[in-house]
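Subject: Structure handover

Hello,

Here is the structure for your files. My notes follow below it.

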Amino acid sequence: ALFSETFDTGPGRFVEGQWDSAAKAYVMPTSGIAAWGGFAVPGKESVTISFRMKPIDEVPGIQILVWSDKLADNGRIVINGLKKGEWKEIKIKATQLRIGPSGDGQSIDTVNNIKIFQLNSAPGSRALFDDFEIRE
């Protein structure tokens, strides 16, 4: 792995959420979680980003954002199909993170940050986030 965070001993580089020491996972609030500057990986077809999510409340979907300084925009992708109380493994290629408001522009050039937030969930909803990895 080029970068990984298992949350076994704390939040690591992730912020804006809360570490759950009993679950050994990071709790994502409605407003999301982020990691800034913890890695710098080219946005190539061979690079994958993976993690697991388990909604504690009703969290039907998430949006993943990665900012590109060079392109001055976020690469984004929407993931739906999350179910309350069930772990879901999410795996995307860096090239799936595309710029533009609907994510239909060019792929991002570098993965050096990430912001993940909930979509279509009620205020105060939470989800567990675990086993984050970037691999090539």
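K115 counts as buried, because its relative accessibility is 17% (buried means under 20% relative accessible area, exposed over 50%, partly exposed in between, with a 1.4 Å probe and protein chains only). This is a predicted model: local features need pLDDT of at least 70, side-chain atom pairs count only at pLDDT 80 or more, and totals for chains, interfaces and linings use all residues. Residues are numbered from 1 along each chain as its sequence is written, and side-chain values use heavy atoms, with hydrogens and water left out.

K115 and its surroundings

K115 sits in strand β10, residues 110–119 (strands, E, at least two residues, are DSSP runs numbered from the N terminus). Its side chain makes a polar contact with the side chain of E16 at 2.4 Å. A polar contact is a pair of N or O atoms within 3.5 Å; within protein, one must be able to donate a hydrogen and the other to accept it, and residues adjacent in sequence count only if both atoms are side-chain atoms. The K115 side chain also reaches the backbone oxygen of S31, at 3.2 Å. Beyond neighbours within four places in sequence, K115 is in contact with E16, S31, G32, I33, A34, Q63, I64 and L65 (contact means heavy atoms within 4.5 Å).

The open sheet

Which strands make up the open sheet, and in what order? There are 5, ordered β2-β5-β10-β7-β8, with antiparallel pairing (two strands pair if DSSP finds at least two bridges between them). The edges are β2 (14–15) and β8 (73–80), each of which pairs on one side only. Strand β7, residues 61–68, pairs with β10 in the antiparallel sense over 5 bridges. Q63 has F117 in β10 as its bridge partner.

W36 belongs to strand β5, residues 33–42. At 47% relative accessible area, W36 is partly exposed. Together with V15 and W67, W36 forms a nonpolar surface patch of about 290 Å² accessible area. Patches are made of residues with over 30% relative accessible area and no salt bridge; like charges are joined within 9 Å, nonpolar side chains (Val, Leu, Ile, Met, Phe, Trp, Tyr) within 5 Å. A salt bridge is a side-chain nitrogen of Lys or Arg within 4 Å of a carboxyl oxygen of Asp or Glu. Accessible areas come from the Shrake-Rupley method with a 1.4 Å probe; for residues, only the protein chains shown count as cover.

Strands β3 (residues 18–20) and β4 (residues 25–28) pair antiparallel over 3 bridges. Q18 is bridged to V27 in β4. The β3–β4 hairpin has 4 residues between the strands, and K24 takes a positive phi near 50° there. β4 also pairs with strand β11, residues 127–135, in the antiparallel sense over 3 bridges. There V27 stands opposite L128.

F51 lies in strand β6, residues 48–55. Is F51 buried or exposed? F51 is buried, at 1% relative accessible area. Its contacts outside four places in sequence are I62, I64, K88, E89, I90, I116, F129, D130, D131 and F132.

K91 is in strand β9, residues 88–93. K91 is exposed, at 58%. Leaving out residues up to four places away in sequence, K91 touches T48, I49 and S50.

Best wishes
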